[in-house]
Amino acid sequence: MKKSLVFLTGFMGSGKSTIGPLLAKQLGYGFLDVDELIESVEGKSIVDIFRERGEIYFRNIERKILIETVLSLSKFVVSLGGGTVTFADNLYLVKGSGILIYLKASPEVLLQRIKYKTDRPLLLDPAGNVLPENLLLERILSLLKIREPFYLQADFLVSTDDKDVDETVNEILKKLENKIA
Ligand SMILES: Nc1ncnc2c1ncn2[C@@H]1O[C@H](COP(=O)(O)OP(=O)(O)O)[C@@H](O)[C@H]1O
Ligand SMILES: O=C(O)C1=C[C@@H](OP(=O)(O)O)[C@@H](O)[C@H](O)C1
Ligand SMILES: [Mg+2]
């Protein structure tokens, strides 16, 4: 059966939030970024939510928004957070409602894309500072090891390492042909 909901998953920095709106425009679909919705519902940044309430609180909000708002959308591209499909049975809920695409990037490319970013609490030190490059790469490698088995359950993956944003969008469009309503 053809679906009308497209989800982007992948590690932090893989490009979900960048590619999502461009893909939606090409498909004539709406666009939603789960992290942006969480920030607007909570009235604070992801960093502040993690700092003030902790990761489990964040995961429960993320899951509630997924179930109550996101899964019933139609003709939407949804950029998930990098941890969404790794928590509880979110992966199965997502796959049951739409097409899941894994935006894959190598650890080295991820490192280059995220090394100066301060908006991802899981990549900061306990004081909230950016990690030095060697420790950041270690963090990426250890998280990827746990998470990639989840990402690999996507309907298909697109490698983004050697592509610019437009090439990535075009490859997704090609792979989605005949699969969506
Ligand atoms: N080929 C590419 N695809 C996606 N993002 C890229 C690419 N090359 C560089 N970038 C940059 O990498 C970052 C990806 O961040 P973002 O889209 O927020 O990722 P995510 O939402 O997956 O964490 C952005 O700063 C984007 O400009
Ligand atoms: O990987 C994760 O657990 C997270 C990824 C982030 O989203 P991006 O993948 O869009 O950076 C955001 O949801 C939060 O910081 C947690
Ligand atoms: Mg994002």
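In what order do the five strands of the open sheet stand? The order is β2-β3-β1-β4-β5, with parallel pairing; two strands pair if DSSP finds at least two bridges between them. Helices (H or I, at least four residues) and strands (E, at least two) are DSSP runs, numbered from the N terminus.

This is a predicted model, in which local features need pLDDT of at least 70 and side-chain atom pairs count only at pLDDT 80 or more, while totals for chains, interfaces and linings use all residues. Residues are numbered from 1 along each chain as its sequence is written, and chains are lettered from A and ligands numbered from 1 in the order in which they are written.

**Whole chain**

Start with the C-alpha trace, which spans about 50 × 35 × 25 Å along its principal axes. Colour by secondary structure: the protein chain has eight helices and five strands, running β-α-β-α-α-α-β-α-β-α-α-β-α from the N terminus. Its radius of gyration is 16 Å, close to the 16 Å of the globule rule for 181 residues, so the chain is as compact as a globular protein of that length. The radius is taken over C-alpha atoms, and the rule is 2.2 Å times the number of residues to the power 0.38.

Axes are lines fitted to C-alpha atoms, for helices over the stretch in contact, and angles run from 0 to 180 degrees between N-to-C directions.

Pick K104; its bridge partner in β5 is S159.

**Helices on the sheet**

Show helix α2 (residues 34-42), which lies across β2 and β3 (76-79) at about 65° to β2. Then show helix α8 (residues 165-176), lying across β1 (5-9), β4 and β5 and running at about 155° to β5.

**S17**

Finally, select S17 in helix α1 (residues 16-27). An unreviewed UniProt entry lists S17 under "binding site"; UniProt positions are given in the numbering used here, feature names are shortened, and annotations may be inferred rather than shown by experiment. Beyond its neighbours within four places in sequence, S17 is in contact with D33 and S79; contact means C-beta atoms, placed from the backbone, within 7 Å.

Definitions and conventions: Two residues are in contact if their C-beta atoms, placed from the backbone, lie within 7 Å.
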